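Here's a guided look around a protein chain, written for someone just getting started with structures. Keep the 3D view open and follow along.

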Amino acid sequence: MFKCLIPIKLFYSSQFYQIYNKFSRNKSLSLLLILISQSQIYYIICHPFNNLFNMYARPLILFNKFFQNINLDLNYDDTQIWSEIFLFLMLAMQLLYILCFVHLYCCYRVKVQKQLQRKHYEPIQYREQQLGIPFTQKEIYSIINLIGVSEFYITFGTKIFKYLFHYPIIQLALRKILTLQFQYTNLNTYQILVLIITYLVFILNIFSYFLNEAHDVQFSFKKIDYLSRFYSNMTKVQSLKIEILIIIVSILDNLEIDQIALLLVDTSLLILIIAISYRHPYYQEKLMNKIQIQSFSLYLCIILCIFIFAEGLNQDFSELILILIPLVFQISNLMFVQQENKTETLSYKNRNFDYLMMNIYKQCEEALGRNGILLNDIKYRLPKNLNLYALSTNHIISCQNVNGCFCSGYKKQNDHFITRQQFKYYIKELIRFHYELKLLSLNKNNSQKYAKSYFYYILYLSKVIKKPTKAFHEIIKLKNNMYTGLNLLDQMFTNSVELLVKDDFLRMIENKSITNQKYDCFKVFNYNKSINEWKEQFWCFAIKVKIMVCDTIKQESYITNN
Ligand SMILES: [Zn+2]
């Protein structure tokens, strides 16, 4: 019944992540995008209180006016035309997005079918005559270009669209839906059309949110994309809470209910969001987490000020807010740093295991910098980063297998590591060691649960430890043992991790400085070929010897006969 879904599944599991990650957001682009989306959130949360700002905190009105433009809410003189144009544009962009996927899927099918035919019919000229599709060079180039454009648009649609248009769509679409449904009893054809389009845009927007949540993840310890999410269920909960907050506030704003209710909803949801984001940072990049946490703390501070001073005491709070803003920034920053350095017990069942490992890796990089500083400095710096300190010393103290363990290679003098570079290598190896123990200790039947840790481990081997051969071995093992038991999303991630490892592997082979490994790899790859060549040469040589022997015997018998 679902036979037709198989090629789509194959397309998804083998191609999707590559298309999705065509380009990565660098630091400056990420910074710009997160600032835009955070100011949009600010506008959506705070603009319902414009009249209160007008009375009690006039400077904030200027902020609201500025962020109104960023949120693309341009209905200045209550004309509907802007929101309608905006929603039409968004629908066009969303449909184009789907069309690009369909186009790429079709191209993929054509490619697969061609590969199959190439296997069946040789030689190539014969196949082309049979099918009657001889592509000229120009046609091939135009197809490749079109594929490139589609892939680029999809990456744009998934990686940038969210930060520019996601919140404005929610706000403007909900406003449109609610005003059309409540204010007009008899809708004309145009209004019905607008209503349908708005619903469509809203639903597609929510769909793209879930798509993003599932795929905007990166399993590498090395930063590639600065806005990719750290993988854990709590980060999903966090972003869902933000989504709920935006939707509820947008609905309540249009229902014109009492502002106290709105303030209560804002406060409670913001507290929840802040609590989760301290404990489970959303992004892999620290700076982005800091911006997110600080801006949410700021929104909470403003909302509380409105609550207490405007609604409660009917007092002007313009000056107070100017003092509070830097204070809140500083306090939230301190809390963030404190939370980051909080000691966590290392347990392989800990849900935060991957985060803890990544944190230790980052701390190691930061504490030791790139170039040499004296070991004494590390001694003073380490106690600040308690996780790093605890993890590094615990192993050395409690290691049972003194001679066989990796740590024996990192000999110490007077309880200090010989060089800081040695310490860095030791930490890298220690993280690998803990990952190996974790993966060994877990129940094999429970593969779904620890697949993510496996991905982190494999990419760690390939990108940080720089052992693509071992990573390659691990990914093959994973595919052989667990692949069929994984869900479709994890299968897709497995394939994409495999591609990344393969890239590193090939790069290593091409790297001429690693001559030994290069020799070994090719020996494995070309084993059969070499055996056959050797056999051929051996037979040639044997035949030559045979002819030579025959000739000599003939010559000798000729001489003796004469
Ligand atoms: Zn050891």
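## Surface and overall build

The protein's accessible surface comes to about 31,400 Å², and 62% of that belongs to carbon and sulfur atoms. Keep in mind that this is a predicted model. Of its 562 residues, 44% count as buried.

What is the chain built from? Its secondary structure comes to 22 helices and two strands. As for how the chain meets itself, take the contacts with a separation of 6 or more: residues 24 or more positions apart account for 74% of them.

## A greasy spot on the outside

On the surface you can find a nonpolar patch formed by Trp534, Phe538, Trp539, Ile543 and Ile547. Together these residues have about 610 Å² of accessible area.

## What the UniProt record says

The unreviewed UniProt entry places the feature "transmembrane region" at residues 28-45, 85-108, 192-211, 259-276, 296-314 and 320-337. Let's check two of these spans in the model. Residues 85-108 are 100% helix and 0% strand, with the end C-alpha atoms 35 Å apart. For residues 296-314, the figures are 89% helix and 0% strand, and here the end C-alpha atoms are 25 Å apart.

## Along helix H5

Helix H5 runs over residues 81-120, and valine 102 is found there. Valine 102 is partly exposed, with a relative accessible area of 43%. Its C-alpha atom is separated by 9.7 Å from that of serine 150, a residue 48 positions away along the chain.

Now jump to histidine 434, in helix H17 (residues 420-441). With 8% relative accessibility, histidine 434 counts as buried. Which residues does histidine 434 touch, not counting those up to four places away in sequence? The answer is Leu346, Tyr348, Phe353, Met357 and Leu391.

Lysine 466 is another one to look up. Most residues other than glycine have a negative phi. Lysine 466 isn't a glycine, yet it has a positive phi of about 60°. You'll find lysine 466 in the loop between helix H18 (447-464) and helix H19 (468-481). Lysine 466 is exposed, with a relative accessible area of 58%.

## Charged partners

Side chains of opposite charge can pair when their charged atoms come close. The structure holds 15 salt bridges. In one of them, the side chains of aspartate 225 and arginine 25 meet, at 3.0 Å from N to O. This pair links distant parts of the chain, 200 residues apart: aspartate 225 is in the loop between helix H9 (189-215) and helix H10 (233-255), while arginine 25 is in the loop between helix H1 (5-20) and helix H2 (27-46). Both aspartate 225 and arginine 25 are buried.

Aspartate 225 has a salt bridge with lysine 159 as well, at 2.5 Å from N to O. Lysine 159 lies in helix H7 (residues 137-159) and aspartate 225 in the loop between H9 and H10, so this pair ties together parts that are 66 residues apart in sequence. Lysine 159 and aspartate 225 are both buried.

Glutamate 213 forms a salt bridge with arginine 229, and their closest N and O atoms are 3.7 Å apart. Why does this pair tie together parts of the chain that are 16 residues apart? Because glutamate 213 lies in helix H9 and arginine 229 in the loop between H9 and H10. Glutamate 213 and arginine 229 are buried. Finally, salt bridges with shared partners join Arg25, Lys159, Asp216 and Asp225 into one network.

Technical notes: Residues numbered from 1 in each chain as written. Predicted model: local features only at pLDDT ≥ 70, side-chain atom pairs only at ≥ 80, totals over all residues. Heavy atoms only, no water. Helix = DSSP H or I, 4+ residues; strand = E, 2+ residues; numbered from the N terminus. Buried < 20%, exposed > 50% of the residue type's maximum accessible area, 1.4 Å probe, protein only. Contact = heavy atoms within 4.5 Å. Areas by Shrake-Rupley, 256 points an atom, 1.4 Å probe, with all protein chains shown as cover. Patch = residues over 30% accessible without salt bridge, like charges linked within 9 Å, V, L, I, M, F, W, Y side chains within 5 Å. Salt bridge = Lys/Arg side-chain N within 4 Å of Asp/Glu carboxyl O. UniProt positions renumbered as here; feature names shortened; annotations may be inferred.
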